[in-house]
Amino acid sequence: VLAVAYWLKRQGWGQLSADFSAAPQGAFVLTLSRSALAESIGFSEVPRCQLFSGFFRAFFGHLASKLLAVREVGCAAQGHPRCSFVVASVERRVALESALAAGEGEVTRVLQRFAEAR
């Protein structure tokens, strides 16, 4: 994670941090502060950092040697202070999608709904 965070920051894409406290529920959270992508887009009704979602999916999927689902919970382009992504196994993708729909852009709510779907 540190290597990716260093690379993203060095390239001017923002500061990446990872929170593994939801690992017992089968997920973890990535936060990207100062997303150049979101800032360049301006205001949006929907999350706009799909490029990062795909990158994170490929990178962390490679590290985990399994398919992952990565979904953006909230985006700076939506007015959130940071872009936040939840990462889970692809087998739990349906639960993740359901949690996102009920989470209203709040990472804590999404993780709670995700854990309840277990």
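Reader: Which exposed residues does the face of helix 1 turned away from its buried side carry?

Author: Exposed means over 50% relative accessible area, buried under 20%, and partly exposed in between, with a 1.4 Å probe and protein chains only. Helices (H or I, at least four residues) and strands (E, at least two) are DSSP runs numbered from the N terminus. In helix 1, the face turned away from the buried side carries Leu2, Ala3, Tyr6 and Arg10. This is a predicted model, in which local features need pLDDT of at least 70 and side-chain atom pairs count only at pLDDT 80 or more, while totals for chains, interfaces and linings use all residues. Residues are numbered from 1 along each chain as its sequence is written, and side-chain values use heavy atoms, with hydrogens and water left out.

Reader: Which residues of helix 1 are buried, and why do they line one face of the helix?

Author: The arc is taken from the directions that run from the helix axis to the C-beta atoms. Val4, Ala5 and Leu8 are the buried residues of helix 1. Seen down the axis, they fall within an arc of 100°, so they line one face. Contact means heavy atoms within 4.5 Å; the buried residues of helix 1 pack against strand 1 (15-19), strand 2 and helix 3. Gly12, with a positive phi near 85°, follows the helix.

Reader: How many strands does the open sheet have, and what is their order?

Author: Two strands pair if DSSP finds at least two bridges between them. Here 4 strands form an open sheet in the order 1-2-4-3, paired antiparallel. Strand 1 and strand 3 are at the edges with a single partner strand each, so one side of each has no neighbour in the sheet. Axes are lines fitted to C-alpha atoms, for helices over the stretch in contact, and angles run from 0 to 180 degrees between N-to-C directions. From one strand to the next, the twist averages 25°. Helix 1 packs on the sheet by touching strand 1 and strand 2, and its direction makes about 155° with that of strand 1.

Reader: Which residues touch the most other members of the largest nonpolar core?

Author: A nonpolar core is a set of buried Ala, Val, Leu, Ile, Met, Phe, Trp, Tyr and Cys residues joined through side-chain atoms within 4.5 Å. The largest has 20 residues, of which Leu16, Leu30, Cys49, Phe52, Phe56 and Phe85 touch the most other members. At least two residues of this core come from each of helix 1 (2-10), strand 2 (27-33), helix 2 (36-41), helix 3 (50-64), strand 3 and strand 4. Another core, of 14 residues, lies apart from it and includes Val86, Ala88, Ala99 and Val110.

Reader: Where are the buried residues of helix 4, and what covers them?

Author: In helix 4 (residues 93-103), the buried positions are Ala95, Leu96, Ala99, Leu100 and Gly103. Their arc, seen down the axis, is within 140°, so they line one face. Their cover includes strand 3 (68-74), strand 4 (83-89) and helix 5 (107-116). Val94 and Ala101 are exposed on the face turned away from the buried side.

Reader: How many disulfides does a search of the whole structure find?

Author: A disulfide is a pair of cysteine sulfur atoms within 2.5 Å; the search finds 0. For Cys75, the nearest cysteine sulfur is that of Cys83, 3.8 Å away. For Cys83, the nearest is that of Cys49, 3.6 Å away. Cys75 is buried, with a relative accessible area of 0%, and Cys83 counts as buried at 0% relative accessibility.
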